[in-house]
Amino acid sequence: MLILEVCCCLIGWISLYFAFCYLNGPRGKEWNCRLVTLTHGILIVCLTAYISFIDGPWPLTHAGTENTPLQILALVVSLGYFLFDFGWCICVRTEGPVMLAHHTMSIAGILLALCLGKSAVETCAVIFGSEITNPLLQARWFLRQVGRYDSLWGDAVDLLFILLFALVRVGVGGMMLYCELISPRPSLIMKGGGLAMYTLAWVFMVDIAKFACKKSRTKYKRWHEMCKLGEVNGHTGKTE
């Protein structure tokens with residue numbers, strides 16, 4: 001049944017991609033794939049947030065417990081998407097090794113939780129933390145495509161993305177990893193997978209920090225040049 005459900009979800013995501021391709025004829029393949037990614041991000045963040053914060057159990061205290069039907073549904077939906085996106089990235093070759101490693105670890109972690117019949121609670125929490133920044137990442141890409149990235153909207157998206165990534169994926173993710181490692185219930189392989197995912201989050205964090213520093217320097221340089229230009233114009237006006 002699980003194999004059938006995963007196949008159905010995979011077909012669903014592929015069908016959604018082709019539907020976007022049909023509706024957005026002039027747009028390229030990546031535009032439509034990112035629309036699928038955005039759809040998955042919003043859907044899975046809402047679903048895993050409900051599982052983690054409302055339906056329960058609490059992932060920080062119940063790591064390694066048996067899977068619930070709703071948790072299995074979230075994992076199956078997400079697994080279908082990651083299989084689709086991993087295949088798309090391999091075929092089109094748009095992503096580097098780090099993103100492919102992230103997708104591989106995500107697929108392996110979800111498969112382990114489904115096969116073991118436990119640890120879906122912390123896996124859903126990890127998916128929530130990983131995907132909560134995804135809509136912002138896609139919004140950033142779409143802003144670039146329509147020529148509105150160099151605006152207040154672009155700055156707001158970048159700032160929110162950096163803050164959310166640092167707070168949720170690195171900060172809360174560190175707490176989640178600690179609770180996973182000290183709990184006797186999760187299997188050793190799940191603990192190793194959690195450690196690998198958190199290490200990968202730090203690889204992303206380093207890249208994000210470099211980007212933030214570079215953008216801050218560029219913004220400061222541009223502001224400094226504008227101030228100088230304003231002073232020159234003001235001095236010219238007084239002279240005249």
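Modeller: Start at T94. The loop between α3 (69-92) and α4 (97-116) holds this residue. Keep in mind that the model is predicted.

How exposed is T94? Its relative accessibility is 34%.

Next, its neighbours. Leaving out residues up to four places away in sequence, T94 touches E30, W88 and C89. Take E30. In sequence, T94 and E30 are 64 residues apart. In space, their C-alpha atoms are 8.5 Å apart.

α3 and α4 pack with their axes 9 Å apart, at an angle of about 150 degrees. That angle is over 145 degrees, so α3 is roughly antiparallel to α4. The crossing of α3 and α4 is left-handed. On the α3 side, the contact is made by I72, L75, V76, S78, L79, F82, L83, D85, F86, C89 and I90. On the α4 side, it is made by L100, H102, H103, T104, S106, I107, I110, L111, A113 and L114. By class, this contact of α3 with α4 has 15 nonpolar, five polar and one charged residues.

Helix α2 spans residues 29-55 and packs with helix α1, residues 2-23. Their axes are 9 Å apart, at an angle of about 130 degrees. α1 and α2 are therefore oblique to each other. Their crossing is right-handed. From α1, the contact uses W13, L16, Y17, F20 and C21. From α2, it uses K29, N32, C33, L35, V36, T39, H40 and L43. The residues of this contact of α1 with α2 divide into nine nonpolar, three polar and one charged.

Finally, the record. An unreviewed UniProt entry places "domain: TLC" at residues 26-215. Over residues 26-215, the model is 81% helix and 0% strand. The end C-alpha atoms of that span are 31 Å apart. UniProt, again in an unreviewed entry, annotates "transmembrane region" at residues 6-23, 35-53, 73-92, 159-183 and 195-213. Two of these can be set against the model. Residues 159-183 are 96% helix and 0% strand, with end C-alpha atoms 35 Å apart. Residues 195-213 are 100% helix and 0% strand, with end C-alpha atoms 27 Å apart.

Definitions and conventions: Residues numbered from 1 in each chain as written. Predicted model: local features only at pLDDT ≥ 70, side-chain atom pairs only at ≥ 80, totals over all residues. Heavy atoms only, no water. Axes fitted to C-alpha atoms, helices over the stretch in contact; angles between N-to-C directions. Helix = DSSP H or I, 4+ residues; strand = E, 2+ residues; numbered from the N terminus. Parallel < 35°, antiparallel > 145°, perpendicular 65-115°, else oblique. Left-handed = near helix turned anticlockwise from the far one by under 90°. Contact = heavy atoms within 4.5 Å. Nonpolar A, V, L, I, M, F, W, Y, C, P; charged D, E, K, R; others polar. Buried < 20%, exposed > 50% of the residue type's maximum accessible area, 1.4 Å probe, protein only. UniProt positions renumbered as here; feature names shortened; annotations may be inferred.
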